[in-house]
Amino acid sequence: MHLHQRTLRKAVSCKGVGVHSGKEVNLTIKPAPINHGIKFVRTDLPDNPGISAHFNAVVDTSLATVIGHDGFIVSTIEHIMATFAGLSVDNAIVELDSYEVPIMDGSAAPFTSLIRSAGITAQTGPKCFFVVKEPITLEENGKSVTIYPDSTFRITYTIAFDHPLIKEQSYTLEVSDNVFENEISGARTFGFLHEIEYLKRYGFARGGSLDNAVVLGPDNVINEDGLRYPDEFVRHKILDSLGDFSLLGMPVLGHFVVHKSGHAFNHLFIKKFFAQKGSWDTFTIYDISDQYNFQPEAIAV
């Protein structure tokens with residue numbers, strides 16, 4: 001846990017293909033000042049319009065998390081947003097010359113390596129947290145998200161698929177920079193062969209390939225290199241949820257318990273979270289040190 005807001009030491013760039021658009025995208029991540037948050041800037045449009053990564057800017061969650069404003073969008077932001085959340089980067093500018101963030105290898109590992117290569121620096125402004133005081137729950141059609149009070153940021157995720165290589169998988173972790181990098185960032189997006197063929201037939205997943213997704217046949221993994229983790233599927237769902245929940249706008253001290261959720265349901269939960277204002281407060285780490293018996297000198301800056 002970090003006491004102060006953080007940003008990159010220097011700008012870094014990469015390029016890749018949008019998984020749904022199939023378009024090549026150049027992307028640059030730049031440092032940003034205190035209290036700036038994460039902001040996406042479309043350099044391919046007149047006047048380079050920008051949009052902050054926040055839940056109230058979400059315009060679509062059908063195939064990915066998409067934010068939009070004044071007639072323009074930025075699509076498929078969940079993996080890079082998960083990287084910012086996982087590495088505790090509060091302030092950054094993301095410039096891109098197309099409407100979709102590149103899919104890279106289907107995981108957050110390339111973005112993690114990119115930000116690590118830039119370096120992360122602490123800023124003078126204190127980090128502010130949502131502190132959960134009582135449980136908040138959303139449940140519908142077998143899906144559920146609940147957040148419980150906790151002195152750390154923790155996620156427990158359970159998925160269930162009618163596929164012999166997935167079935168039911170659960171994973172729990174306390175989120176920190178190293179845990180995210182080593183246990184979550186490398187987990188790739190996955191899909192079923194018949195679904196991908198359907199999407200391509202109707203003009204989606206134009207940039208999708210075995211280089212940027214785990215593809216499952218009826219009883220096997222089609223990728224020649226197999227899986228990176230035996231439970232890569234649930235780890236990737238945690239990655240996606242980190243990106244989606246980061247759209248709260250600030251880090252959370254609480255325990256998310258998630259069952260069979262996805263982008264759309266995660267977004268509905270965030271709306272429920274903000275509607276239930278009596279269940280949480282916002283504090284800096286200094287304000288809550290007594291409440292949770294933190295020892296600030298033992299917490300990284």
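Begin by selecting Ile270, which touches Phe55, Asp244, Phe245, Leu247 and Leu248, leaving aside residues up to four places away in sequence; contact means heavy atoms within 4.5 Å. The model is predicted, so local features need pLDDT of at least 70 and side-chain atom pairs count only at pLDDT 80 or more, while totals for chains, interfaces and linings use all residues. Residues are numbered from 1 along each chain as its sequence is written, and side-chain values use heavy atoms, with hydrogens and water left out.

Ile270 lies in helix H6 (residues 263-275); helices (H or I, at least four residues) and strands (E, at least two) are DSSP runs, numbered from the N terminus. Ile270 is buried, with a relative accessible area of 1% (buried means under 20%, exposed over 50%, partly exposed in between, with a 1.4 Å probe and protein chains only).

Next, select the open sheet of five strands, ordered S2-S3-S9-S4-S5 with mixed pairing; two strands pair if DSSP finds at least two bridges between them. Strands S2 (12-17) and S5 (50-52) stand at the edges, each with a single partner strand, so one side of each has no neighbour in the sheet.

Within the sheet, S3 (residues 24-31) and S9 (residues 92-96) pair in the antiparallel sense over five bridges. Select Pro31 to find its bridge partner in S9, Ala92.

Finally, turn to the helices. Helix H1 (residues 78-86) packs on the sheet, touching S3, S4 (38-42) and S9. Helix H2 (residues 109-118) also packs on the sheet, touching S2 and S3.

Key:
Axes fitted to C-alpha atoms, helices over the stretch in contact; angles between N-to-C directions.
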